[in-house]
Amino acid sequence: VQLQASGGGLVQAGGSLTLSCVASKSIFSINTVGWYRQAPGKQRELVAQISSGGTTGVVDSVKGRFTISRTTAENTVHLTINSLKPEDTAVYYCGANYRGSVSWGKGTQVTVSS
């Protein structure tokens with residue numbers, strides 16, 4: 001499955017941003033789609049994921065600010081980030097677990113200025 005992430009940019013602290021990840025296959029056929037981020041010098045980390053059945057999960061460190069959702073008709077998974085902080089600065093990637101394999105899209109840069 002191919003993934004295309006978009007929506008990143010330069011935002012002031014306190015602002016909001018919605019990232020989108022378009023999949024080349026039906027969202028219903030993909031076990032999970034996750035949003036990950038990788039800050040400079042750090043490992044890539046999962047921040048949120050959604051299952052084919054629509055069950056969502058957000059890691060505790062960003063809970064309350066990050067929301068994952070989907071538009072099934074467009075095979076798109078969104079990540080809405082509110083109350084952005086400088087420490088949210090990272091490259092954000094979407095990853096899909098499809099038939100036992102993980103596919104990655106190219107990342108989208110999010111930069112939060114203080």
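Strands β7 (66-71) and β8 (76-81) are antiparallel and are joined by 6 bridges. Strands here are DSSP runs of E with at least two residues, numbered from the N terminus, and two strands pair if DSSP finds at least two bridges between them. The model is a predicted one, in which local features need pLDDT of at least 70, side-chain atom pairs count only at pLDDT 80 or more, and totals for chains, interfaces and linings use all residues. Residues are numbered from 1 along each chain as its sequence is written, and side-chain values use heavy atoms, with hydrogens and water left out.

Strands β7 and β8 belong to an open sheet of 4 strands, whose order is β1-β3-β8-β7 and whose pairing is antiparallel. β1 and β7 stand at the edges with a single partner strand each, so one side of each has no neighbour in the sheet. On average, neighbouring strands of this sheet are turned by 20 degrees against each other, direction ignored; the axes are lines fitted to C-alpha atoms, and angles between N-to-C directions run from 0 to 180 degrees.

Strand β3 pairs with two of these strands. It is joined by 4 bridges to strand β1 (residues 3-6), and by 6 bridges to β8. The table lists residues that face each other across the strands.

| Residue | Opposite residue |
|---|---|
| A5 | C21 in β3 |
| L17 | I81 in β8 |

Buried means under 20% relative accessible area, exposed means over 50%, and partly exposed lies in between (1.4 Å probe, protein chains only).

**The disulfide**

How many disulfides does the structure hold? It holds 1 disulfide, a term for a pair of cysteine sulfur atoms within 2.5 Å. This link joins C21 to C94, with an S to S distance of 2.2 Å. C21 lies in strand β3 (residues 17-23) and C94 in strand β9, so the pair ties together parts that are 73 residues apart in sequence. The link of C21 and C94 is right-handed, with 75 degrees about the S-S bond. C21 is buried, with a relative accessible area of 1%, and C94 is also buried, at 0% relative accessibility.

Most residues other than glycine have a negative phi. S83 is found in the loop between β8 and β9 (90-98). At 40% relative accessibility, S83 counts as partly exposed.
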